[in-house]
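Hi everyone, thanks for making time. I'd like to walk you through one model today, so let me put it on the screen.

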Amino acid sequence: MGATITRSIRGIVVSEIYPNDILNQLRGTVRLNEPMKKHVWFGAGGTADLFFIPADRGDLQLFLAYKPATMPVTIIGIGSNVLVRDGGIRGAVICMGKSFSNLNYVDGLIHAGVGVPDAHLAKFSAEQGCIGMAFYAGIPGTVGGAVIMNAGAHGSDTSEHLHDIDVMHPDGTMQLLSKSALDYSYRHSTLPDGAIVINARFHTKQGDKEQAKQAITEIQRKRRDTQPVGVRTGGSTFKNPAGHSAWKLIDAAGLRAAKIGDAMMAEKHCNFMINCGKASGADLENLGEYVREKVSENSDIMLEWEIKRLGEKCQ
């Protein structure tokens, strides 16, 4: 008998069995009740009902083919921009990891798998003598997250460089989507329901290789000087409102180093939230909501979360 999953998901009881012959065909990692704090940079949060790291595209297609239709799916990368609530994540969490980390340069386009870290994309681009992609060296995440949230920094964003993407639909079929199909705006894109990004291709501009490498070095230096590194953080917590910097609004409200439990807004850059001890998912989210409330009181601007909050709160 295979793994049995029984949970109540918004009133629908899901009870399905993955037979052993199917589990044996899956070449990736399958775990039940997996602690998500092991997979997100904050190091906090509850468990996933089912956690799957596919070995490759075919493995992902097989998993989706046998997944109960009523089971929700959540996609993560390296967990840098994710806050998991303490009640955990219902259904399946699919982690698009190293098996989707292909990088190639063909006919002026960089081909990158969804699991490629943004910093690796920047470095690879520079090695090809391509300029304009250095900003990815300052983004803590992967290509998949960058594509979905139109990640950007230092005056550039993903929409300026993306050519097209390959996505997998819930039925396992593949589709190529042009950049225009994603309806990009600030830190936002639109994907078909249930679509999983598999690959992305980026326009490039040839230039001086050493200049491209130096641009990366400068961005990395600036990041070390101005942002908390080597700590459990999720990157920028809130989006920058039009015409404003989130960190300046937070600072003006007197919230630099504000704390709830072991959750703290960083002193070095107060739009970064950190887990400085044993913060729970609730500590982190409650601190974020407190900051939003106080900034609104001080400036009449309600900050929007940039970090993606997943799962259920504890009852």
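Predicted model: local features only at pLDDT ≥ 70, side-chain atom pairs only at ≥ 80, totals over all residues.

Let's start with Ala257, which sits in the loop between helix 6 (246–252) and strand 18 (259–260). Helices here are DSSP runs of H or I with at least four residues, strands are runs of E with at least two, and both are numbered from the N terminus. Phi of Ala257 is near 70°, a positive value in a residue other than glycine. With a relative accessible area of 26%, Ala257 is partly exposed; buried means under 20%, exposed over 50%, and partly exposed is in between, using a 1.4 Å probe and protein chains only.

Residues are numbered from 1 along each chain as its sequence is written, and side-chain values use heavy atoms, with hydrogens and water left out.

Now, where does His154 lie? You'll find His154 in the loop between strand 11 (152–153) and strand 12 (156–157). Phi of His154 is near 55°, again positive in a non-glycine residue, and His154 counts as partly exposed at 45% relative accessibility.

On to the second largest pocket, at about 190 Å³. A pocket is an open set of points on a 1 Å grid over the protein atoms alone, where a 1.4 Å probe fits, with protein on both sides within 12 Å along at least five of seven lines; lining residues have an atom within 4 Å of a point. The volume is the space filled by probe spheres set on the points, which are joined across faces, edges and corners.

Which helices each supply at least two residues of that lining? They are helix 3 (118–127) and helix 5 (209–226), and helix 5 gives the largest share, 3 residues. Trp41, Ile78, Asp118, Gln220, Arg223 and Arg224 are among the lining residues.

Zooming out, the protein chain has 7 helices and 21 strands. Its radius of gyration is 20 Å, close to the 20 Å from the globule rule for 315 residues, so the chain is as compact as a globular protein of that length. That radius is taken over C-alpha atoms, and the rule is 2.2 Å times the number of residues to the power 0.38. The C-alpha trace spans about 55 × 50 × 30 Å along its principal axes, and buried residues make up 48% of the 315.
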